[in-house]
Amino acid sequence: MNVDIWSDLACPWCFIGTERFHQALADFEGRDDVRVIWHSYQLDPNLPEHFEGSEIDYLTESKGMPRDQIEAMTEQVAGVAAADGLQFDYANLKVANSRLAHHLVHLAQMRGVATEVNRALFAAHFEHGENIADKDVLTRIGTEHGLSADEIGEALGSEQYDTAMRSDADQARGIGINGVPFFVVDGRFGVSGAQPVDTFAKALTLALEDAPEGGGCCGGSCCG
């Protein structure tokens, strides 16, 4: 069974949602037969690689909302994350375009460590105040999970992975995805947003119990 996940590494709800999915997967009886496929979805492709200011500053400027309202929103998100065991640190979060981080995930997908790299990138961005647009940070995270520094250097900023990101975005549009995180279980069941753990558990169980002979669309990967 394949589970396709569209997410953005600069999206707090994607971190929360994917953590909940993995909690459900850990308790799923068929977890050893589940293959997770990560897809890029940039919510803000025009976000600068570097921004002199805090996340609060950036959101206040880009959204044109009152600063106190943005602060209240981020506090609420941090509170939700904390309930799931995640320690968001908005005070030290580095505003960063996620393009190069997505390149690293695409490389990691080819090497079989995308889930681990994805989790490390989320943690670096939201919990540890690291710049996920910085090639040194990305190289360190990649090598910590078995990728070679040379192939990371070739991947970051490459046209190959820009093309892969465009393909992911096209596929998302083709199946009507307009927000992330979005999960497609066995090519047949869609789950939108950072749903409770039980919702993901039910989707996995339903896909297992209702699996058609020969598997789902495209061998379990959503075709668009």
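This is a predicted model: local features need pLDDT of at least 70, side-chain atom pairs count only at pLDDT 80 or more; totals for chains, interfaces and linings use all residues.
How many cavities of 30 Å³ or more does a search of the whole structure find? The search finds 1.

Let me begin with the cavity. The space within the largest cavity amounts to about 50 Å³. Its lining consists of Ser-7, Leu-9, Trp-38, His-39, Ser-40, His-102, Val-105, His-106 and Asn-118. Two secondary-structure elements, strand β2 (35-40) and helix α4 (99-111), each contribute at least two residues to this lining. Sorted by class, the lining residues of the largest cavity comprise 6 polar and 3 nonpolar, with no charged residues.

I turn now to a helix pair. Helix α1, spanning residues 12-26, packs with helix α9, spanning residues 197-209. The angle between the two is about 55 degrees, and their axes lie 8 Å apart. The helices α1 and α9 are therefore oblique to each other. As for handedness, the crossing of α1 past α9 is right-handed.

Which residues make the contact between these helices? On the α1 side, they are Gly-17, Arg-20, Phe-21, Gln-23, Ala-24 and Leu-25. On the α9 side, Val-197, Phe-200, Ala-201 and Leu-204 take part. By class, this contact of α1 with α9 involves 7 nonpolar residues, 2 polar residues and 1 charged residue.

To close, I place the two compositions side by side. The lining of the largest cavity has 3 nonpolar and 6 polar residues, whereas the contact of α1 with α9 has 7 nonpolar and 2 polar ones. The cavity lining has no charged residues, while the helix contact has 1. Thank you.

Notes
Residues are numbered from 1 along each chain as its sequence is written. Side-chain values use heavy atoms; hydrogens and water are left out. Axes are lines fitted to C-alpha atoms, for helices over the stretch in contact, and angles run from 0 to 180 degrees between N-to-C directions. Helices (H or I, at least four residues) and strands (E, at least two) are DSSP runs, numbered from the N terminus. Angles under 35 degrees count as roughly parallel, over 145 as roughly antiparallel, 65 to 115 as roughly perpendicular and the rest as oblique. A crossing is left-handed if the near helix is turned anticlockwise from the far one by less than a right angle, and right-handed if clockwise. Contact means heavy atoms within 4.5 Å. Ala, Val, Leu, Ile, Met, Phe, Trp, Tyr, Cys and Pro count as nonpolar, Asp, Glu, Lys and Arg as charged, and the others, Gly among them, as polar. On a 1 Å grid over the protein atoms alone, a cavity is a set of points where a 1.4 Å probe fits but cannot get out, and a pocket is an open set with protein on both sides within 12 Å along at least five of seven lines; lining residues have an atom within 4 Å of a point. Grid points are joined across faces, edges and corners, and a volume is the space filled by probe spheres set on the points.
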